[in-house]
Amino acid sequence: MSAPNAGRPAPIRWVPEAVWIERGEEETALAQRVQARLPHVPVHVAADPRLAEPADFASGKRRLVLQRQRGSFLHHCPAGTSGMVCCNYLVMNFASNCPFDCSYCFLQDYLANNSAIKAYTNVGEGLAEIDAVLRAHPQRTFRIGTGELADSLALDPLTDLSCELVPFFAERPNAVLELKTKSTCIENLLGLDPKERVVVSWSVSSTVIGASEEIGTPPLAERVAAAEVVQAAGYKVGFHFDPLIAHDGWEDGYQQAIDLIFRRLDPQRVAWVSLGSLRMTPTLKTAIRARSRRGPLLTGELVAGADGKERLWRGLRVKMYRRLLARLRQVDSCLPLYICMEPAGVWEKVFGEAPSDREVAARLVAAYE
C-alpha cells in the first residue's frame, strides 16, 4: 500500500531537551536514526542510563533515553486483576513514558522514580520473543498492544517503531496488533500494508476533559481526522473512552464526542470501542496533589474496589456506561463494545450479562480468526 508521503520522514512533533544513550548502543539503528533527526539536541553517552533520571516527573518528559530492554517485552495486561472481567489482552513494552502529560495518568505514580522517556534499542529481540509465543500457540488468536507504558505513536517520528511492528504483525495470522495513541503521528502508517492484522486506536474523551486534563495532546477533532485518514489507508480503528470522568455536562460532552467520531468514521471499519471509569490508587492521588493538579479528578465520590483502586461510586459508573452504550448502539448495533477493569456485577448491570474472560476475548478477535 502506498501513500503520497510514503518514504518521507514524518514531521517531528516532540523534541527533547537532551538525548542520553546507553554506552554500547551508540551504533544501533535506533540511536543513529534519533541523532540524525535531532541534530541540534545535545547527546550524552552514559554507562548507566539511570544517570539520566531527573529529580521530578515533569523534567523526565523532556529527556529521551535510548537503552536496552533487559527484561521481558511481553506481559499480560494489568487489567487482568482478580475479581475483574478481563479481555486477555497482552502488552508489549518497547518504550516507557510519553511526552503528553494527562493529569490522571497513572505513570506519574508508576514511573515516579523512572520518569525519563525511554525507547528501547533492541527491538529485534522483543519481536523474537513475541514470535516465539505466537508460534507456540498457533491455534490461539492473540490481541496485543503497545500502549500501556507509552503512547504507541507519539515517538514514531523519531523511532520508526511502527515500520517494524506493522509488517511483523501483518504476517502473523494468529495475532492482532493494537497501536493505542492520543497522537496524530500517523505518517509512517500510510506507507504500510496492515493486511487486516493491525488496529490503530485512539483514547478519547469529551472536549472539556481533553482541553483541561490531557495536557499537550491534540484535540479530539484532530484525533478523529487522523483516524479518518488511517481508516481510509486500510486499517481498522478503535476508540477508548477511558477514563470516563464525571464533570458538569458530561452527558452532552460524551455524546458530542461519539457523534463527531461517527460523522467521519465508517462503523463497519471500527474494530472495537471500550469504556472505562476513572481509576485511582492512593499513591496516584498523592502524586496528583503534589503536582497541584486541579479539576474534577479528586472532587467526585470515589469508592475503593476489591483491586485497591478507587472509582466513582457504582451507581454513577453504571449510569455513564449505559448512556454511552445506548448512543453507540444507535450508531451501529453490531459495534464490538466492552468495559475495562470492572467486576462481573457491573457488566451485568450494563450489558445484562456477565461474560467470562474467555468469552470477552473471543468476541473481540472473532473477526480476525
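How many of the residues of strand 13 are buried? Keep in mind as you look that this is a predicted model. The answer is 9 of 9, so strand 13 counts as mostly covered, with buried meaning under 20% relative accessible area. That makes strand 13, residues 236–244, a handy place to start.

Now zoom out to the sheet around it. Eight strands, written in order as 4-5-9-10-11-13-14-18, make up an open sheet with mixed pairing. At its edges sit strand 4 (74–76) and strand 18 (337–339), each of which pairs on one side only. If you look from strand to strand, neighbours in this sheet are turned against each other by 25° on average, ignoring direction.

Back to strand 13 and its two partners. On one side there is strand 11, which runs parallel to strand 13 and is joined to it by 5 bridges. Within that pairing, W202 has F239 of strand 13 as its bridge partner. Strand 14 (residues 270–277) also pairs with strand 13 in the parallel sense, over 6 bridges. Here you can find G238 opposite W272 of strand 14. To get from strand 13 to strand 14, the chain passes through helix 9 (residues 250–264), and this β-α-β crossover is right-handed.

In soluble globular proteins, nonpolar side chains tend to be buried together. In this model, the largest nonpolar core has 95 residues, and W202 and F241 touch the most other members. Which residues does F241 contact, beyond its neighbours within four places in sequence? They are V204, Y254, A257, I258, I261, V273, S274, L275, G276 and L324. There is also a second, separate core, made of 16 residues, with L30, A31, V34 and V41 among them.

Let's finish with the aromatic rings. Across the whole structure, a search turns up 7 aromatic pairs. One of them is F73 with F94: the ring centres are 5.2 Å apart and the planes meet at 40°, so this pair is tilted. The pair links distant parts of the chain, 21 residues apart: F73 is in the loop between strand 3 (63–67) and strand 4, while F94 is in the loop between strand 5 and strand 6 (95–96). Both ends are tucked away, as F73 is buried at a relative accessible area of 2%, and F94 is buried at 4%.

Another tilted pair is F106 with Y110, at 5.8 Å centre to centre and 50° between the planes. Buried or exposed, how do these two count? F106 is partly exposed at 38% relative accessibility, whereas Y110 reaches 55% and so counts as exposed.

Notes. Residues numbered from 1 in each chain as written. Predicted model: local features only at pLDDT ≥ 70, side-chain atom pairs only at ≥ 80, totals over all residues. Heavy atoms only, no water. Core = buried A, V, L, I, M, F, W, Y, C linked by side-chain atoms within 4.5 Å. Buried < 20%, exposed > 50% of the residue type's maximum accessible area, 1.4 Å probe, protein only. Contact = heavy atoms within 4.5 Å. Pairing = 2+ DSSP bridges. Helix = DSSP H or I, 4+ residues; strand = E, 2+ residues; numbered from the N terminus. Axes fitted to C-alpha atoms, helices over the stretch in contact; angles between N-to-C directions. Right-handed = clockwise from strand over helix to strand, strands pointing away. Phe/Tyr/Trp six-rings, centres within 6.5 Å; stacked < 30°, edge-to-face > 60°.
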